[in-house]
Amino acid sequence: MQRIAKFEKVSFEQFKKDWQGEHPQDTEEVIREIYDGIRLPKRATAGSAGYDFFAPFAFTLAPGETIKIPTGIRAEMK
């Protein structure tokens, strides 16, 4: 099977910039801990149609609420 997607983490500097844009109250130490815990997307099974992304922190959304979550992931599709 030919691989059509490649995932990698962005640099810490890029992640920090993106994260602080959404969560300016977080310290660099907190941001580093979140960055270090980033998991790359993967398929649940070999026959899966898509990839599972993992949120870098737990959250709950109220009905109709939206949030922006920097993933720290760079994707390359072929």
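The model is predicted, so local features need pLDDT of at least 70 and side-chain atom pairs count only at pLDDT 80 or more, while totals for chains, interfaces and linings use all residues. Residues are numbered from 1 along each chain as its sequence is written, and side-chain values use heavy atoms, with hydrogens and water left out. Helices (H or I, at least four residues) and strands (E, at least two) are DSSP runs, numbered from the N terminus.

**Helix packing**

- Two packed helices are described by the angle between their axes and the distance between the axes.
- Here the axes of α1 and α2 come within 10 Å, crossing at roughly 115°; axes are lines fitted to C-alpha atoms, for helices over the stretch in contact, and angles run from 0 to 180 degrees between N-to-C directions.
- The α1 and α2 crossing is right-handed; the term applies if the near helix is turned clockwise from the far one, and left-handed if anticlockwise, by less than a right angle.
- On the α1 side, Phe12, Phe15, Lys16, Trp19 and Gln20 make the contact, and they meet Glu28, Ile31, Arg32, Ile34 and Tyr35 of α2. Contact means heavy atoms within 4.5 Å.

**Two buried residues**

- Phe12 belongs to helix α1, which covers residues 12–22, and its 7% relative accessibility makes it count as buried. Buried means under 20% relative accessible area, exposed over 50% and partly exposed in between (1.4 Å probe, protein chains only).
- Leaving aside residues up to four places away in sequence, Phe12 touches Glu28, Ile31, Arg32 and Tyr35.
- The C-alpha atoms of Phe12 and Gly72 are 8.4 Å apart, although 60 residues separate the two along the chain.
- His23 sits in the loop between α1 and α2 (28–36) and is buried, at a relative accessible area of 16%.
- Beyond residues up to four places away in sequence, His23 touches Phe57 and Lys68.

**Salt bridges**

- Side chains of opposite charge can pair when their charged atoms come close. This structure holds four salt bridges, each a side-chain nitrogen of Lys or Arg within 4 Å of a carboxyl oxygen of Asp or Glu.
- One of them joins the side chains of Glu8 and Arg74 at 3.1 Å, N to O. Glu8 is in strand β1 (residues 5–9) and Arg74 in strand β2, so this pair ties together parts 66 residues apart in sequence.
- Glu8 is partly exposed at 33% relative accessibility, and Arg74 is partly exposed with a relative accessible area of 42%.
- Glu22 pairs with Lys68, with 3.7 Å between the closest N and O atoms. Glu22 lies in helix α1 and Lys68 in the loop between α2 and β2, so the pair ties together parts 46 residues apart in sequence.
- Glu22 counts as partly exposed at 33% relative accessibility, whereas Lys68 is exposed at 56% relative accessible area.
- Asp36 and Arg32 form a salt bridge whose closest N and O atoms are 3.9 Å apart; both lie in helix α2, four residues or about one turn apart.
- Asp36 counts as exposed at 51% relative accessibility, while Arg32 is partly exposed with a relative accessible area of 36%.

**Surface patch**

- Phe59, Leu61 and Ile67 form a nonpolar surface patch with about 250 Å² of accessible area together. Accessible areas come from the Shrake-Rupley method with a 1.4 Å probe, and for residues only the protein chains shown count as cover.
- Patches are made of residues with over 30% relative accessible area and no salt bridge, with like charges joined within 9 Å and nonpolar side chains (Val, Leu, Ile, Met, Phe, Trp, Tyr) within 5 Å.
- Ile67 lies in the loop between α2 and β2 (73–77) and is partly exposed, with a relative accessible area of 40%.
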